[in-house]
Amino acid sequence: MTSTINIAIIGASGYTGGELLRLLIHHPFIDNIQAISTTNANRRISDIHRDLLGETNIVFTEHIHLDNVDCIFLCLPHGSSAIWLQNNSIPHHIRIIDLSSDFRNTSFPIEHSSDRYFIYGLPELNKSLYTPNTDIANPGCFASCIQLSLLPLRNSDISKDILDIHCTAITGSTGAGSLKSDTTHFSWRDNNTQVYKPFQHQHEIEIHNHLFTNILSPAFHFIPMRGSFTRGILACSYFTIQPHIQKDDLIHLYNSFYKDMPFIVHSYDSPDCKRAINTNKFFYHIDVIDNKAIITATLDNLLKGASGQAIQNMNILYSFPETSGLQLKSSVY
Ligand SMILES: NC(=O)c1ccc[n+]([C@@H]2O[C@H](COP(=O)([O-])OP(=O)(O)OC[C@H]3O[C@@H](n4cnc5c(N)ncnc54)[C@H](OP(=O)(O)O)[C@@H]3O)[C@@H](O)[C@H]2O)c1
């Protein structure tokens, strides 16, 4: 195991960059942090991420110093990560963890981009494939929540008869990033809810590519919604099962599959978002009513749906304990 590493965050003034900074300044195996920002160079990171006032004196810089970095987190908009990698020649020994969708949408878990190999970084699906030479395409937030809701079904006999999976999921406003828009404006978002991109959300491709197999190949019907809260995703997936399959069969399947996965928690009641907020945990609840299985799940879009999962991936890549820097409890009230 490497003792400590140095990291750089590109796009460090945004929401996912801010969450990485908040967690990595206290991470036991991180030494030096470079916070790269094109718009805030020379300002203290606490001038932008005000929750970090009193925590650190780190200042944003415009350019990365490659001689002092082991791992780079790309927290850029879709399309910008690939451009950044084209414009910056990164030595091979430096690992990349990309939070955008630029290297996610392949049907094979590893995407080859020029001279780099990106692996689809849902650890509960692919961590056995990580090597010291692979880079990580960190999954999307809805895609993480929905895939973790269904992952144990992927190679199960139960799945052969599942023809359709329906999912309705709602996300908070931070899922759209920190740039202001009509649908993140307080006056619109507060006390409001809306369906958007029904059956056309970009994460459907990701779910098709990485979750579905010859055994589990249903028609997938996804209704995304945006809600009047800042953080969190709640996803409810349901499908018809054969009459002989009982609720306990599904609970046994899920609990066995997830037994060694530190952030996956079986909930005995229907989970609410607040228990997941500010944690890297994914909570799932299973019910069966009239031959319909219902999986209700929640995670924090900025943590298990983004920056927390990126740190989990870094921990695995560098053989740090998987939960390092991520042992977080929600506050609820
Ligand atoms: N928000 C979530 O819940 C979430 C979840 C999963 C994945 N993601 C993905 O993670 C990536 C970062 O998301 P985010 O929520 O952190 O976004 P964000 O708050 O909008 O931050 C993106 C940062 O990228 C930098 N940037 C560079 N070129 C840019 C450009 N052309 N337009 C706008 N910003 C530019 C800016 O940082 P500087 O000014 O510092 O350079 C900006 O602060 C995105 O690809 C997003 O889809 C987000």
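Author: In this predicted model, strand β1 and strand β4 (residues 71–74) run parallel and are joined by four bridges. Within that pairing, Ile-10 has Leu-74 of β4 as its bridge partner.

Reader: Which strand do five bridges join to strand β1?

Author: In a regular strand, side chains alternate between the two faces of the sheet. Here, strand β1 (residues 5–10) is joined by five bridges to strand β2 (residues 30–36), and the two run parallel. Ile-5 pairs with Ile-30 in β2. Together with α1, strands β1 and β2 form a right-handed β-α-β unit.

Reader: What does helix α1 give to the shell around the ligand?

Author: Helix α1 (residues 15–24) contributes three residues to that shell, the most of any element. Of the 29 residues around the ligand, those that come nearest are Gly-11, Gly-14, Ser-37, Gly-177 and Ser-178. By class, the shell holds ten nonpolar and 19 polar residues, and no charged ones.

Reader: From which domains does the shell around the ligand draw at least three residues?

Author: Both domain 1 (5–138 + 306–317) and domain 2 (142–299) supply at least three residues each. The C-alpha centres of these two domains lie 26 Å apart. Their contact takes 15 residues from domain 1 and 16 residues from domain 2.

Reader: Which elements give two or more residues to the side of domain 1 that touches domain 2?

Author: The size of an interface is often given as the accessible area lost when the parts come together. On this side of domain 1, the elements are α4 (123–126) and α9 (307–317). Helix α9 gives the most, with three residues. The residues on this side divide into five nonpolar, eight polar and two charged.

Key
Residues numbered from 1 in each chain as written. Predicted model: local features only at pLDDT ≥ 70, side-chain atom pairs only at ≥ 80, totals over all residues. Near = placed C-beta within 6 Å. Nonpolar A, V, L, I, M, F, W, Y, C, P; charged D, E, K, R; others polar. Domains from an automatic or database assignment. Pairing = 2+ DSSP bridges. Right-handed = clockwise from strand over helix to strand, strands pointing away. Contact = placed C-beta atoms within 7 Å.
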